[in-house]
Amino acid sequence: MAKFWSSLCIITILLLSHVAIARREQVPTPPLPVLPLPTFSQLKWQQRELIMFLHFGVNTFTDSEWGTGKENPAIFNPVGLNTSQWVSVAAEAGVSLMILTAKHHDGFCLWPSKYTDHSVISSPWKSGHGDVVHEFVTAVKAHGEIDAGLYLSPWDRHDRRYGHDLEYNEYYLAQLQELLTKYGNVNEIWFDGAKGKNAKNMSYYFTDWFAMVRELQSSINIFSDAGPDVRWVGNENGFAGDTSWSTINSTMLSIGNASIVEYLNTGDPKGTNWLPAECDVSIQDGWFWHKSESPKKLSQLLEIYYNSVGRNCVMLLNVPPNTTGLISESDIHRLKEFRTAIDTIFSVNLADNCAVKAGSQRGGKGGGFGPENVLDNDHIWTYWSPRENDKKSHWIEIRVPHGGPGFNVVRIQEPIGLGQRIGRHEIYVDGKRLVKGTTVGYKRLHRLQEVIHGGDVRIVIKESKGLPLISSVGFHFDPYWKPDQKLIF
């Protein structure tokens, strides 16, 4: 009898196990990714949205933009320099990454490099014992929630080795090693191909430089016209293309090549490299501080925000310290206004708690890919997915009750951890088309010509690479937006 019950128990366990396995096999799996994909570091970079550049050096004291390389280091004397103030200002502005010009085109180094005397070591500041880079990274680390980046200009108008390929590339690589070994973790290293018309002929060994960067700090993001991690957007006014792909073919790119700016600006839907764009722009007209210049108007900064962050990019806003070594009060005031405006616009999502439906969903109801995912707080790994092979069902609709405060901004986000997919989309309210758009990417912001006070808002995906996926939707009210306003840059 005991044998019988033992056998029965074994049969029961096997049957239950089979049922459990069968049920697991019925749980819908995520769709395949659409390659290429971002790395972990690129994904973190994208979510920063707003980062800060700090142009600082001898140009700050000569009231110039491009130094000659003949400046006397004695002019550099920021007697009130306080990098903790820089970091506090950045934190209040919602910035999570700050990039300092360790060396600009004039060749003056903000750290005591052992390879040149054209640096802080020859200045009266702290009797030649100062180190701006050290104070900067120390202040950043002390804050804890902000990361440091550095810019080392390839063009050097001071050093005698410039114009001699081997000598100068060895010099540059030596300084790169100093910066990446002496100052701890650096999250972004900035390279460019800027060079004056009368500059000496010079070949930069970018491949060697990038390899050294990777060896010294493997998690760093390398910025340049050609990446390999972050690309230039192709202009210095902070505007990405209305179509903005994070994908591009890096074989088409070269650093300092002015003929590729349009390609940089839009990216490539057939691109084989994940190389998102960074939009650099200065809060003033110039990149270095000038007493005669004032910060851009709030309306201008918001316009840049919508055309950078709102077009699948990161906004790199330059805020230059003054001759005292501090960020000026006028810039601080504008940054506070800017942060307040962003928080005012996007802190409330009028789509929250609204009824949402879709043309179809992967795995059916309860499968984990329903339209309710677009209203949660995860903008990367939870998302709505339609069924396979049914393009007519590629839509999602949110019913907004009438009589509310209204919205004039629509936010759409893709789960870019699975690739960028959407190539064309439209937005309708109660059957009336209000928006014809192209790419979405990490974040797409559409400002409407009117305030919508309720109705059925339908987002229709017209073209996509593979299944279209949407991770988040938001309806927001921008009180600063005046559709007929004319912005002057």
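**Notebook: strands, rings and surface**

**Entry 1**

I began at Leu50, which stands opposite Met315 in β10. This is a predicted model, so I kept its limits in mind: local features need pLDDT of at least 70, side-chain atom pairs count only at pLDDT 80 or more, and totals for chains, interfaces and linings use all residues. Residues are numbered from 1 along each chain as its sequence is written, and side-chain values use heavy atoms, with hydrogens and water left out.

I looked up how β1 and strand β10 (residues 314–318) pair. They run in the parallel sense over four bridges. Two strands count as paired if DSSP finds at least two bridges between them. Helices (H or I, at least four residues) and strands (E, at least two) are DSSP runs, numbered from the N terminus. I followed the pairing to Ile51, which stands opposite Leu316 in β10.

Next I checked the other partner of β1. Strand β2 (residues 97–103) runs parallel to β1, and three bridges join them. Met52 has Met98 as its bridge partner in β2.

Is strand β1 (residues 50–54) mostly covered or mostly open? It is mostly covered, with five of its five residues buried. Buried means under 20% relative accessible area, exposed means over 50%, and partly exposed lies in between (1.4 Å probe, protein chains only). I then sorted the side chains by direction. Leu50, Met52 and Leu54 point one way from β1, Ile51 and Phe53 point the other way, and all are buried.

**Entry 1: strand β10**

I moved on to β10. Five of its five residues are buried, so I noted it as mostly covered. Val314, Leu316 and Asn318 lie on one side, Met315 and Leu317 on the other, and all are buried. Both faces of β10 are therefore covered.

β10 also pairs with strand β9 (residues 277–282), in the parallel sense over five bridges. In that pairing Ser282 stands opposite Asn318 in β10.

**Entry 2: aromatic rings**

I searched the whole structure for aromatic pairs, and the search finds 31. Rings of Phe, Tyr and Trp (its six-membered ring) pair if their centres lie within 6.5 Å; planes under 30 degrees apart count as stacked, over 60 as edge-to-face and the rest as tilted. I picked out Tyr162 and Tyr204, a tilted pair with 6.3 Å centre to centre and 55° between the planes. Why does this pair tie together parts that are 42 residues apart in sequence? Tyr162 lies in the loop between β3 (147–152) and α6 (165–182), and Tyr204 lies in the loop between β4 (188–190) and α7 (206–216), so the pair spans that stretch of 42 residues. Both Tyr162 and Tyr204 are buried.

My next pair was Tyr305 and Phe346. Their ring centres are 6.1 Å apart and their planes stand at 45°, so this pair is tilted. It links distant parts of the chain, 41 residues apart: Tyr305 is in helix α9 (residues 298–306) and Phe346 in helix α10 (residues 329–346). Tyr305 counts as buried because its relative accessibility is 4%.

I also traced a cluster. Ring pairs link Tyr162, Tyr168, Tyr171, Tyr172, Phe191, Tyr204, Phe206, Trp209 and Phe210.

Then I looked for charges over rings. A charge sits over a ring if NZ of Lys or CZ of Arg is within 6 Å of the ring centre and within 35 degrees of the ring normal. The charged end of Arg161 sits over the ring of Tyr171, 4.0 Å from its centre. The charged end of Arg458 sits over the ring of Trp395, 3.6 Å from its centre.

**Entry 3: an exposed residue**

Where is Asn389 found? It is in the loop between β11 (355–358) and β12 (395–400). Asn389 has 80% relative accessibility, so it counts as exposed.

**Entry 4: the whole protein**

I finished with totals. The protein has ten helices and 18 strands. Its C-alpha trace spans about 95 × 70 × 40 Å along the principal axes. Of its 489 residues, 57% count as buried. I also looked up contacts (heavy atoms within 4.5 Å). Among those with a separation of 6 or more, residues 24 or more positions apart account for 76%.
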